[in-house]
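Good morning, colleagues. Please look at the sequence and the structure on the screen, and I shall then go through the strands, the core and the charged pairs in turn.

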Amino acid sequence: QENSDEWGISKLGMVTVPYDSSDDIRGVVHYMGTKGGTQKFTNPAFFSPSDPYLVVLRASSRIEGDLASLTGFRHEEGTFFETDSALSSWVCIELPTPLNITNYTLGYYVRGEEHIPRNWVIQGSSDNNSWITLRVHENDNSLDSPPHVCTFSIPKQAPVEEGFRYFRLLQTGPTSSGTMFLVLSLFELYGTLRKP
């Protein structure tokens, strides 16, 4: 049984998964991992290709860690993913249905002290080819303090009305250490989407 109070499921099949400051890891990815609240959470990146709740992850490169850790909600256990040290490194989440995004949460490696992201943009796309920048971060030190997790809002003027299936975090400048490694442990989204 879905918890309509928690997710605000409308008669039109739209699901609102709002950001709640008391629990910043229960967003759209968590919703997919519980198949709309019908089961205990399982990482939706491991669902079968035919599963309507599958979440697909991509990255520009991989040097260390597991990309699926971004959607596994094991940040506190020290899981992480790291790209090569290259300008414009990125990670991307593909959702099964378009999302009108309102917020997103990032986590940096909980045991880390170097290569903390400082410069990035979050972008949305309908086709994984044409990208629209939704928010720009320059010299942002929000992830510096333990536990290295922060939730960000999407500005109201961002063009999100149609919704996007693809969300990309693109590194645009150096980390806290002056390198270009992109190190993350969590990537969660919030907003309204069509129920899969």
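Two strands are said to pair if DSSP finds at least two bridges between them. The strands themselves, E, of at least two residues, and the helices, H or I, of at least four residues, are DSSP runs, numbered from the N terminus.

Before I use these terms, a word on the source. This is a predicted model, in which local features need pLDDT of at least 70 and side-chain atom pairs count only at pLDDT 80 or more, while totals for chains, interfaces and linings use all residues. Residues are numbered from 1 along each chain as its sequence is written, and side-chain values use heavy atoms, with hydrogens and water left out.

I begin with strand E5. E5 and E8 pair in the antiparallel sense over five bridges, and Asn 103 has Ser 153 in E8 as its bridge partner. E11 also runs antiparallel to E5, joined to it by eight bridges; here Gly 107 stands opposite Leu 186.

How many of the residues of E5 are buried? The count is 13 of 18, and the strand is mostly covered. Buried here means under 20% relative accessible area, exposed means over 50%, and partly exposed lies in between, with a 1.4 Å probe and protein chains only.

I turn to the core. A nonpolar core is a set of buried Ala, Val, Leu, Ile, Met, Phe, Trp, Tyr and Cys residues joined through side-chain atoms within 4.5 Å. The largest such core has 43 residues, and among those with the most contacts inside it are Val 91, Tyr 104, Leu 169 and Phe 187. Elements that give two or more residues to this core include helix H2 (28-33), strand E5 (90-107), strand E9 (164-171) and strand E11 (186-194). E5 gives the most, with seven residues.

Taking contact to mean heavy atoms within 4.5 Å, and leaving aside neighbours within four places in sequence, Leu 169 touches, among others, Val 91, Tyr 104, Leu 106, Trp 120 and Phe 187.

Polar residues are covered too. Gln 123 is found in strand E6 and is buried, at 8% relative accessible area. Its side chain makes a polar contact of 3.2 Å with that of Thr 133 and another, of 2.7 Å, with the side chain of Arg 168. A polar contact is a pair of N or O atoms within 3.5 Å; within protein, one must be able to donate a hydrogen and the other to accept it, and residues adjacent in sequence count only if both atoms are side-chain atoms. Gln 123 and Thr 133 are 10 residues apart in sequence, yet 4.3 Å apart from C-alpha to C-alpha. Gln 171, in strand E9, is buried at 1% relative accessibility.

Next come the charged pairs. Where a side-chain nitrogen of Lys or Arg is within 4 Å of a carboxyl oxygen of Asp or Glu, we speak of a salt bridge. A search of the whole structure finds five. In one of them, Glu 94 and Arg 165 have their closest N and O atoms 2.7 Å apart. Glu 94 lies in strand E5 and Arg 165 in strand E9, so this pair ties together parts that are 71 residues apart in sequence. Glu 94 is buried, at 11%, whereas Arg 165 is partly exposed, at 25%.

Another salt bridge joins Arg 118 to Asp 144, at 2.5 Å between the closest N and O atoms. Arg 118 is in the loop between E5 and E6 and Asp 144 in the loop between strand E7 (132-137) and E8, so parts 26 residues apart in sequence are tied together. Salt bridges that share partners also join Arg 58, Glu 94 and Arg 165 into one network.

Finally, the cysteines. With a disulfide taken as a pair of cysteine sulfur atoms within 2.5 Å, the whole structure has zero disulfides. Cys 92 is buried at 2% relative accessible area, and Cys 150 is buried at 19%.
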